[in-house]
Amino acid sequence: MTEFLSNLIGNDYLSTIIMSFVPLIELKGGIVFARNVGFSYLLAFGLAYLGSTAVFFPIYWLLRPILNLLKRIKWFNGFAVRVENYFVKKADETLQKQTEKERKKPLSQTFIKQLGVFIFVAIPLPMTGIWTGTAIAVFLGLKFREAILPAVLGNMVAGGLICLLSFVCQLIGINLDYVLYALFALAVIMLVVFIVKVALSKPKKNSDGE
């Protein structure tokens, strides 16, 4: 897998950045790939972090406008509403979890939302990461300056955890190429699950009538 991806683009530095930009693969795949081609942990982290963090800006500024545009097109209206409802639900779940944890503490709603985004991005699991985390921030109503810090800090923590996981794998003799295969297979599975969830959900319109 590593050799194929390396030959496909022809530049391991660029391959790491591009891979980290891809949804579901993101930082996780970028770091594992970079370590497997021989980059140091610092370089692997830096390149993968750069590629994955760059995702924040187009998602934050373009997600709502693109969905609103698709909702005005007959053929894509139902799909756009379903996708929007999916992220609204994710945002509500994230807020509810943090609200329950912090119920006894006098914290502002904005901080609770930021904490939810940070934790969501920081835990490197399937369907977590800066793509979905930024979408959650958008639908939580966080302003740009309120959303960017928890997203980029969460991504930094996730990168550190993946570097640690890579170190452990190499320490006990697990070939990182197998880890990369597993990440890609998991990404495909989660993409299929996401598509099925969106397709089977009811395209319920929001209260604002969009």
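A salt bridge is taken here as a side-chain nitrogen of Lys or Arg within 4 Å of a carboxyl oxygen of Asp or Glu. By this rule, 1 salt bridge is counted in the structure, which is a predicted model. The partners are Glu-84 and Lys-71, whose closest N and O atoms are 3.1 Å apart. Because Glu-84 belongs to helix H6 and Lys-71 to helix H5, the pair ties together parts that lie 13 residues apart in sequence. Both Glu-84 and Lys-71 are buried.

Of its 22 lining residues, Pro-23, Val-83, Phe-87, Trp-131 and Phe-194 are the closest to the pocket centre. At least two lining residues each are supplied by helix H5 (56-71), helix H6 (77-101), helix H8 (130-139) and helix H10 (176-200). The largest share comes from H5, with 7 residues. In terms of residue class, the lining of this pocket consists of 20 nonpolar residues, 1 polar residue and 1 charged residue.

The structure contains 1 cavity of 30 Å³ or more. The volume of the largest cavity is about 50 Å³, and its lining is made up of Glu-26, Leu-27, Lys-28, Val-121, Pro-124, Thr-128, Gly-129, Ile-130, Asn-155 and Ala-158. Two or more of the lining residues come from each of helix H3 (26-36) and H9. The greatest contribution to this lining is that of H3, which gives 3 residues. By class, the cavity lining divides into 5 nonpolar, 3 polar and 2 charged residues. The lining of the largest pocket, by comparison, includes 1 polar and 1 charged residue.

On the surface, a nonpolar patch is formed by Val-157, Leu-161, Leu-164, Phe-167, Val-168, Leu-171, Ile-172 and Ile-174. Together, these residues present about 710 Å² of accessible area.

Methods: Residues numbered from 1 in each chain as written. Predicted model: local features only at pLDDT ≥ 70, side-chain atom pairs only at ≥ 80, totals over all residues. Heavy atoms only, no water. 1 Å grid on protein atoms, 1.4 Å probe; cavity = no way out; pocket = protein on both sides within 12 Å on 5 of 7 lines; lining within 4 Å. Helix = DSSP H or I, 4+ residues; strand = E, 2+ residues; numbered from the N terminus. Nonpolar A, V, L, I, M, F, W, Y, C, P; charged D, E, K, R; others polar. Patch = residues over 30% accessible without salt bridge, like charges linked within 9 Å, V, L, I, M, F, W, Y side chains within 5 Å. Areas by Shrake-Rupley, 256 points an atom, 1.4 Å probe, with all protein chains shown as cover. Points joined across faces, edges and corners; volume = space filled by probe spheres on them. Buried < 20%, exposed > 50% of the residue type's maximum accessible area, 1.4 Å probe, protein only.
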